Each structure stands twice: as C-alpha cells, then as structure tokens.
Amino acid sequence: MKDYSDIINVPRPVSAHPKMDVGNRAKQFMPMDALRGFSLAILTKQVERELVTRITLSDDAQEQLDRKLHMIRPGDAVTVTFFRLEKVIGDLKVGAYVKETGIMEEVDMEAGTLILSTVFIPISEIVEVESAAFMGEHFDPEVQSYAEPDQA
C-alpha cells in the first residue's frame, strides 16, 4: 500500500486561468430558471386574482335568475357569471367569480347544470345570465325554480 509520501509536501499546481470571484462562483449553484420570467408571471397573475367568498342571492334575485334560465333556449348565445371554488380553508370556501360566454346547449335538471358549448356550470353557482333573448321579453311569473326542483 502506498502512503503518498512522495507528493504530500508538493505545492498545489497553479492554474493558467484567472481565479473566479466569490460572487460568480456562488451563481453556479443557484437554481436555474429554465423559463425565464415564468415564475414572476405566475406570481403576478395570482396577485391580480382576488379570492372572495360566495355570495347568497336574495329571493327576488334568485327568482329573476330562474326566469332567465327558463327563457334561454338551445342555440342562444349567453354570458354566465358564476362562482368557481378555488380553495377550502376550514369552513370557509373561497374562489373567484368567472364570466363564461358560449352557446347554450341544454339545462340538465338531473345533474343541476347549465351546459354551454365551452363549459358545464352548476346552476347553484350562477349569479347572472345575460342573453339577447331577454331584450323586450316579459318574464313569466309562474315558473318552477331550477335551483330547487319540485319534490312531487
């Protein structure tokens, strides 16, 4: 077995390259940002979007919403504002109100959803429906609520 006594007291070889300063050496070990600016863009987008709690519609507002849901027909262009749940923090449910525009395909009573060409929306989460079908129309006061189907 060799004891390395022949090289133990030899001075370290001098490099032909200049020494790198400590700041630049530290940069070698920093995490790499493969998509430069992406993490900043995500953070900015999250700050822009405020999370809120779900609002409860008054009885009159709920009744008007039900009337509007009964007036729209498949093929109508509609814009629906609804609550999209993002997080549950203990008993608190927070999310964002989203506007979705599309062509109404159907109202599925069994699933309790409004089906647009772009998205399925739970009827219980809808707060506003806008459509050209409402212009100059009279609401029928005798409609069954979509939010609370008759238990007959």
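Predicted model: local features only at pLDDT ≥ 70, side-chain atom pairs only at ≥ 80, totals over all residues.
Visitor: What share of the accessible surface of the protein belongs to carbon and sulfur atoms?

Guide: The accessible surface of the protein comes to about 12,100 Å². The part of this surface that belongs to carbon and sulfur atoms is 55%.

Visitor: Which pattern does the protein follow when read along the sequence?

Guide: The secondary structure comprises three helices and six strands. Read along the sequence, these elements follow the pattern α-α-β-α-β-β-β-β-β.

Visitor: Which residue of β4 is the bridge partner of Val 107?

Guide: Strand β3 spans residues 92-108 and runs antiparallel to β4, with four bridges joining the two. They form a hairpin with four residues between them, and Gly 112 in the turn has a positive phi of about 70 degrees. In β4, the bridge partner of Val 107 is Leu 114.

Visitor: Which residue in β5 does Ile 115 stand opposite?

Guide: Strand β5 covers residues 120-122, and three bridges join this strand to β4 in an antiparallel arrangement. A hairpin through three residues connects β4 to β5. Within this pairing, Ile 115 stands opposite Phe 120.

Visitor: Are Thr 113, Leu 114, Ile 115 and Leu 116 of strand β4 buried or exposed?

Guide: Thr 113 and Ile 115 point one way from strand β4, whereas Leu 114 and Leu 116 point the other way. A residue counts as buried under 20% relative accessible area. On both sides of β4, these residues are buried.

Visitor: Is Glu 130 buried, partly exposed or exposed?

Guide: Glu 130 lies in strand β6, which spans residues 126-131. Leaving aside neighbours within four places in sequence, Glu 130 is in contact with Ala 77, Val 78, Thr 79 and Lys 99. Buried means under 20% relative accessible area and exposed over 50%. Because the relative accessible area of Glu 130 is 34%, this residue is partly exposed.

Visitor: What distance separates the C-alpha atoms of Glu 130 and Lys 68?

Guide: Along the chain, Glu 130 and Lys 68 are 62 residues apart. In the model, their C-alpha atoms are separated by 8.3 Å.

Visitor: How many nonpolar, polar and charged residues are in the lining of the largest pocket?

Guide: About 250 Å³ of space lies in the largest pocket. Its lining consists of Arg 12, Pro 13, Ser 15, His 17, Pro 18, Lys 19, Met 20 and Arg 25. By class, this lining has three nonpolar, two polar and three charged residues.

Definitions and conventions:
Residues numbered from 1 in each chain as written. Heavy atoms only, no water. Buried < 20%, exposed > 50% of the residue type's maximum accessible area, 1.4 Å probe, protein only. Pairing = 2+ DSSP bridges. 1 Å grid on protein atoms, 1.4 Å probe; cavity = no way out; pocket = protein on both sides within 12 Å on 5 of 7 lines; lining within 4 Å. Points joined across faces, edges and corners; volume = space filled by probe spheres on them. Nonpolar A, V, L, I, M, F, W, Y, C, P; charged D, E, K, R; others polar. Contact = heavy atoms within 4.5 Å. Areas by Shrake-Rupley, 256 points an atom, 1.4 Å probe, with all protein chains shown as cover.
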